[in-house]
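Please open the model in your viewer and follow this tour. Each stop says what to select and what is there.

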Amino acid sequence: MLRNRNIILPEAAKWRGRTVALYGGSFNPAHKGHRRVARECLKRLGVDAVWFLVSPGNPLKDANHMAEFDRRFDSIKALVGDHPRMLVSDIEVRLGTRFSADTIAALQKLMPHTRFIWVMGADNLATFDRWANWQEIARSLPIAVFDRPGYSIAGQNAKFAHVFGRFRVSPEKLGKSRSPAWAFLTIPRHPASATKLRQQMGETWLAGTK
Ligand SMILES: Nc1ncnc2c1ncn2[C@@H]1O[C@H](COP(=O)(O)OP(=O)(O)OP(=O)(O)O)[C@@H](O)[C@H]1O
Ligand SMILES: O=C(O)c1ccc[n+]([C@@H]2O[C@H](COP(=O)([O-])O)[C@@H](O)[C@H]2O)c1
């Protein structure tokens, strides 16, 4: 059953004329790298808010290593607290979308007067060409990519970076750019990773979730 989370759609009017960074993730579990990325979005991209979109299940990840949705939702919510400009959302569950292209298209249709920017880490840029309709995503909204240790080269050499190379802009310009447009934010990098955390926590993170 859906719990009483941040319900975004009924508040759509509040976001009219605003710019929102959509930060999709598994958050399996959430960590300080996620919060750092969100803070940098507010500081450097000039967005009004960051929405953490907790994924019902990354289409490219093994579901066996994934804690249940509520646990992952609570994990990022605990990290963000009641920050007025960071919202944790279950919108993909509510919309019934799993592919980011579908989520973005649905949000743009439901909220045509809100400007959206997509946010991801350099590891995801490296495999972005495996996402459903990735070129359509790139044409539909600006993309901010955050560098992370171990992925600087793979990220910048990604197929996406070649195909959309001429649309790269500085982070400061991204918020006002028409898509396709993307920026690569190189500093400050954060070493946190959910894989590392799961290794440190052993079975305790997944225990009791299935
Ligand atoms: N330390 C970090 N620096 C920059 N981006 C990050 C960092 N950690 C995660 N991200 C990005 O945040 C989004 C959500 O990440 P996710 O919840 O998958 O965490 P993760 O640490 O990458 O997890 P896992 O190790 O399980 O793949 C992804 O776009 C990912 O690239
Ligand atoms: O749409 C896709 O094909 C797709 C493939 C891989 C990842 N994604 C999205 O990318 C975001 C980051 O995922 P993750 O697991 O790296 O945190 C999350 O919103 C996923 O739904 C989306």
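Select helix H2, residues 69-80. H2 lies across E2 and E3 and runs at about 155° to E2. Helices (H or I, at least four residues) and strands (E, at least two) are DSSP runs, numbered from the N terminus. Contact here means C-beta atoms, placed from the backbone, within 7 Å. Axes are lines fitted to C-alpha atoms, for helices over the stretch in contact, with angles from 0 to 180 degrees between N-to-C directions.

A note on what you are viewing: this is a predicted model, where local features need pLDDT of at least 70, side-chain atom pairs count only at pLDDT 80 or more, and totals for chains, interfaces and linings use all residues. Residues are numbered from 1 along each chain as its sequence is written, while chains are lettered from A and ligands numbered from 1 in the order in which they are written.

Next, select H1, residues 32-44. H1 lies across E1 (19-25), E2 (49-54), E3, E4, E5 and E6. Its angle to E1 is about 165°.

In what order do the six strands form the open sheet? The order is E3-E2-E1-E4-E5-E6, with parallel pairing. Two strands pair if DSSP finds at least two bridges between them. Strands E3 (86-89) and E6 (182-185) stand at the edges with a single partner strand each, so one side of each has no neighbour in the sheet. From one strand to the next, the twist averages 25°.

Zoom in on E5, residues 143-146. Four bridges join E5 to E6, and the two run parallel. Pick Val 145: its bridge partner in E6 is Phe 184.

Turn to ligand 1. Its shell holds 18 residues, and the closest are Gly 25, Gly 33, Gly 121, Ala 194 and Thr 195. A residue is near a molecule if its C-beta atom, placed from the backbone, lies within 6 Å of it. Which helix gives the most to this shell? H1 does, with three residues. H1, E4 (115-121), H5 (122-126) and H10 (194-201) each supply at least two. Colour the shell by type: six residues are nonpolar, ten polar and two charged. Ala, Val, Leu, Ile, Met, Phe, Trp, Tyr, Cys and Pro count as nonpolar, Asp, Glu, Lys and Arg as charged, and the others, Gly among them, as polar.

Move to ligand 2. Here 15 residues surround the ligand, the closest being Gly 24, Gly 25, Ser 26, Asn 58 and Trp 131. E1 and H4 (100-110) each supply at least two residues of this shell. The shell divides into seven nonpolar, seven polar and one charged.

Inspect the backbone next. Most residues other than glycine have a negative phi, and most peptide bonds are trans. Select Phe 27, in the loop between E1 and H1. Its phi is near 50°, a positive value. Pro 29 lies in that loop between E1 and H1 too. A cis peptide bond joins Asn 28 and Pro 29, with omega about 0°. Then go to Pro 180, in the loop between H9 (171-174) and E6. The bond from Ser 179 to Pro 180 is cis, with omega near 0°.

Finally, zoom out. The chain has ten helices and six strands. Its C-alpha trace spans about 45 × 40 × 30 Å along the principal axes.

Note on methods
Two residues are in contact if their C-beta atoms, placed from the backbone, lie within 7 Å.
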